[in-house]
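Please look over the sequence and the model below, and then read the short briefing on its inner spaces and on one of its sheets.

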Amino acid sequence: MSAATTRSRTARTPVPDRLCAEAVDLARAAAEEAAAPGVVGEHVGLVSEGDRVVTHFFECQEPGYRGWRWAVTVARASRAKNVTLDETVLLPGSDALLAPEWVPWSERLRPGDMGPGDLLPTESDDLRLEPGYTGEDEPLPNSAVAEMSEEMADIVDVEDAELTTRPATTSRGSIAAVAEELGMRRARVLSRYGLHTAADRWDEGFGAKTPMAQAAPASCVTCAFLVPLAGSLKQAFGVCANEFGPADGHVVSLSYGCGGHSEAAVMPKPPKPAPHALDTMQVDEYPLRPARDSGSVPTEPDTPTEDLGHS
């Protein structure tokens with residue numbers, strides 16, 4: 001049992017060959033030849049790569065290569081006493097300073113990186129897009145669909161000629177004109193995948209799970225500032241039109257909300273004051289003495305004043 005255990009350990013971690021392990025000077029000379037003068041540091045260890053194959057490690061003192069090590073592999077043939085050089089490489093250690101992982105240029109762009117004059121090429125097989133209507137699939141001239149389109153175009157042109165004179169454009173009765181009016185005459189349109197990714201992105205920025213929506217008194221579906229979208233997106237998204245809201249001009253989910261909800265806190269109307277009882281727009285005249293015929297006391301006594309003892 002002891003011999004089996006020894007053999008299993010030897011198979012997993014072979015003992016370094018003595019001659020290869022002692023070839024430190026040969027490994028250092030190879031590292032100094034591959035590197036610049038004075039950048040090969042102290043010998044920091046060795047690893048047995050297999051039978052009579054050992055890798056020596058030296059510190060790298062090159063500026064900017066902190067934690068890197070020169071790895072020199074030496075080997076010895078069976079029953080040979082001479083150690084030969086295998087390879088010399090510079091390898092990062094556990095605490096080495098590494099460059100970030102390389103990212104293709106098509107994946108480096110982030111929202112907000114584009115500026116005026118920048119062009120963003122779109123791949124021909126972009127999963128977010130799919131072919132639209134370009135007119136290449138027009139019906140054949142002899143088909144029934146083409147005949148119906150021509151008859152419809154003639155009728156529409158006659159009706160429009162009675163109202164106004166239009167410039168020469170694509171006939172309204174044709175399939176291309178209908179597609180153009182519906183906004184579908186584009187080389188490529190948004191695919192279902194592109195629609196779903198955009199919806200997920202919008203919901204992540206202005207959705208029900210955001211802190212603003214969690215603290216909102218109501219959702220955007222009942223807000224007067226919400227402008228619904230067209231098509232299938234109107235079932236879940238709209239555009240915020242509240243200039244004081246945090247999502248003004250952004251596509252928001254119907255379940256999103258903020259403190260700027262139109263019905264959250266309606267300010268009461270100011271009370272209307274009662275009309276004045278005194279008319280201040282008209283001047284009232286107040287005489288200093290009452291009129292002669294305005295009172296019940298006669299202006300002249302019936303008897304002489306001397307008889308009554310008055311002067």
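In this predicted model, the count of cavities of 30 Å³ or more comes to one. The largest cavity has a volume of about 110 Å³, and among the 16 residues that line the largest cavity, C220, C223, F225, C240 and C258 are the closest to its centre.

**Lining of the cavity**
- The residues that line the largest cavity divide into eleven nonpolar and five polar, with no charged residue among them.

**The largest pocket**
- The largest pocket, for its part, has a volume of about 620 Å³, and it is lined by 19 residues, of which S106, L109, L120, D126 and R128 lie nearest its centre.
- Helix α6, which covers residues 192-205, gives the most to the lining of the largest pocket, contributing four residues.
- When the lining residues of the largest pocket are sorted by kind, nine are nonpolar, four are polar and six are charged.

**A sheet of three strands**
- Three strands form an open sheet in the order β7-β8-β9, and their pairing is antiparallel.
- Because β7 (226-228) and β9 (251-253) stand at the edges with a single partner strand each, one side of each is left without a neighbour in the sheet.
- From one strand to the next, the twist of this sheet averages 50°.
- Strand β8 (residues 237-240) pairs with β7 in the antiparallel sense over three bridges, and V227 stands opposite V239 in β8.

Technical notes
Residues are numbered from 1 along each chain as its sequence is written. This is a predicted model: local features need pLDDT of at least 70, side-chain atom pairs count only at pLDDT 80 or more; totals for chains, interfaces and linings use all residues. Side-chain values use heavy atoms; hydrogens and water are left out. On a 1 Å grid over the protein atoms alone, a cavity is a set of points where a 1.4 Å probe fits but cannot get out, and a pocket is an open set with protein on both sides within 12 Å along at least five of seven lines; lining residues have an atom within 4 Å of a point. Grid points are joined across faces, edges and corners, and a volume is the space filled by probe spheres set on the points. Helices (H or I, at least four residues) and strands (E, at least two) are DSSP runs, numbered from the N terminus. Ala, Val, Leu, Ile, Met, Phe, Trp, Tyr, Cys and Pro count as nonpolar, Asp, Glu, Lys and Arg as charged, and the others, Gly among them, as polar. Two strands pair if DSSP finds at least two bridges between them. Axes are lines fitted to C-alpha atoms, for helices over the stretch in contact, and angles run from 0 to 180 degrees between N-to-C directions.
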